[in-house]
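I opened this structure to look up a few residues and a contact between chains, and I kept my entries in the order in which I went.

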Amino acid sequence: MNIDWFFILEKIVLISGVLVISLVVAMYSTWGERKVASIIQDRIGPNRAGFMGLLQPLADGGKLFFKEEIIPGSSNRFLFILGPSLAMIVACMTSAVIPWGDTLTIAGHSISLQIADINIGILYIFGVVSLGVYGIMLGGWASNNKYSLLASVRAASQIISYELAMGLSLIALLMMTGTLSIKEIVEQQRHGGWNVLYQPLGFVIFLVCSFAECNRTPFDLSEAESELNGGYHLEYSSMKLGFYLFAEYINMFISSALMSSLYFGGYSFPFMDSLGLAPNLVTILGTAALFIKIICFLFFFMWVRWTIPRFRYDQLMRLGWNYMIPLALANMLVTGAIVLYRSTH
Amino acid sequence: MQALTSRARQVDRKPMTFIEKIYLWNILKGMVITFKHIWKRKETVRYPEQKRPFSPVFRGLHILNRDAEGRENCTACGLCAVACPAEAITMEAAERKPGEEHLYREEKYAARYEINMLRCIFCGFCEEACPKDAIYLTETFAPANYNREGFIYGKQDLLIPAPGEKKKA
């Protein structure tokens, strides 16, 4: 049997690279979050640990590691530990199908900067992201605390309601592109225009729903400090709490990457093919372009968080079922009609 | 009905329009406002390096004063302790011995003088009550401490240094 060692090595390097990058981005998102908050509120923000407070995430992480670990006596120990682990694992899994760049050619081997180009990439992401709510639900349930339980029930029903609208807005995109592979969607945008130009309404719905999926303000009902004392992670301490908070930032990073790939051309950038540069250089520039887009989205997430308060729960549900889903359905119908008209003429 | 202030505004109870119901437009307006704050002046005072000036009438920690020759002003008359509404001041009087004239201005002095900074409300009545100009409130405040005993300030904490003597840290 002939094992392609180069292939295995390539994938291992890619997987660890993507994992490290998503962890580092998540770490520095916490720093970014605090900086954005402070700038919007006319403050300075963290500025003690290192230059401009850049070492602050390390200090926070170190603190979380050394904090006392408390597992409540009345909790279900196994599920209590499983909750944050699941949240973290699921958050890290989604990055596998996102194309982080085009192909690099090193020593005759062409390496695709995507861990797995599966032809049902979007379905995979949806499946894995939906699992993410189990982390929250298990954590809330196992804590044996009514606030945590309420929060996890909220999170579950919120994610179910918004996943519907999210899926519907994506169906319109899929009808247009005719593929479920994210890589192919990006390649189509490389030659055509960005999908956001053809699917503005679909993008807005997807954006709103991804806020809800990531449990970000204004949809952070599941960790509403003022009503639920911190929600599903109320009983958590030490790094288990850190995992929950971290998973939220990784989710944010992944959904930013997803939105950039689906609607904003992913690793493609304008005049990509007419610059006449070396293919490897173009690939690296493309990856940089993707990360710039991701950072813009991350900033957007934070910007929204520090602008508006959270919704009331009935407002959240009404927005989801009465406005988002009908709008997504209408968008789907219009897109379908146009696609049909195009294919027959 | 006449409004009580010029800033009063009638509450708008009209049902929300469609634009308001999907929130997006109003959220966008709010985001424009927060974005403008990026260029606003930062209000933060970088504390240990930068300090805010106190007002001239600020009442902080007490000091016990000396006269021009470096002798203690306090005669332990107890008027400050009587005036103190929080009963934070205790003192013990002692008689000046011959040969101590360079230390104490009058024949009676405070052998022990303690202010409990946790009880003190910094009203400044002691300063007003003092007939000998011995006690003053300064522009500093009590630093943090690990135990309550640390907040009971004795004479060595309160007395200003005599001329030529260095203040103990």
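I looked up B:Cys80 and found that its place is in helix H3 of chain B, bearing in mind that the model is predicted.

Next I turned to B:Cys74, which I found in the loop between strand E1 (62–64) and helix H3 (79–83) of chain B. B:Cys74 has 26 C-beta neighbours inside 10 Å and therefore counts as buried. Leaving aside neighbours within four places in sequence, its contacts include B:Leu64, B:Tyr109 and B:Lys132.

I then checked the record, where an unreviewed UniProt entry places the feature "binding site" at B:Cys74, B:Cys77, B:Cys80 and B:Cys130. These residues span 57 residues in sequence, yet no two of their C-alpha atoms are more than 10.5 Å apart, so I wrote down that they gather at one spot.

Last, I looked at where the chains meet, and noted that the contact takes 15 residues from chain B and 13 residues from chain A. On the side of chain B that touches chain A, the largest share, five residues, comes from helix H2 (residues 24–36) of chain B. I also sorted the residues of that side of chain B by kind, and they divide into six nonpolar, four polar and five charged.

Definitions and conventions: Residues numbered from 1 in each chain as written. Chains lettered and ligands numbered in written order. Predicted model: local features only at pLDDT ≥ 70, side-chain atom pairs only at ≥ 80, totals over all residues. Contact = placed C-beta atoms within 7 Å. Helix = DSSP H or I, 4+ residues; strand = E, 2+ residues; numbered from the N terminus. Nonpolar A, V, L, I, M, F, W, Y, C, P; charged D, E, K, R; others polar. UniProt positions renumbered as here; feature names shortened; annotations may be inferred. Buried ≥ 20, exposed ≤ 12 C-beta atoms within 10 Å, placed from the backbone.
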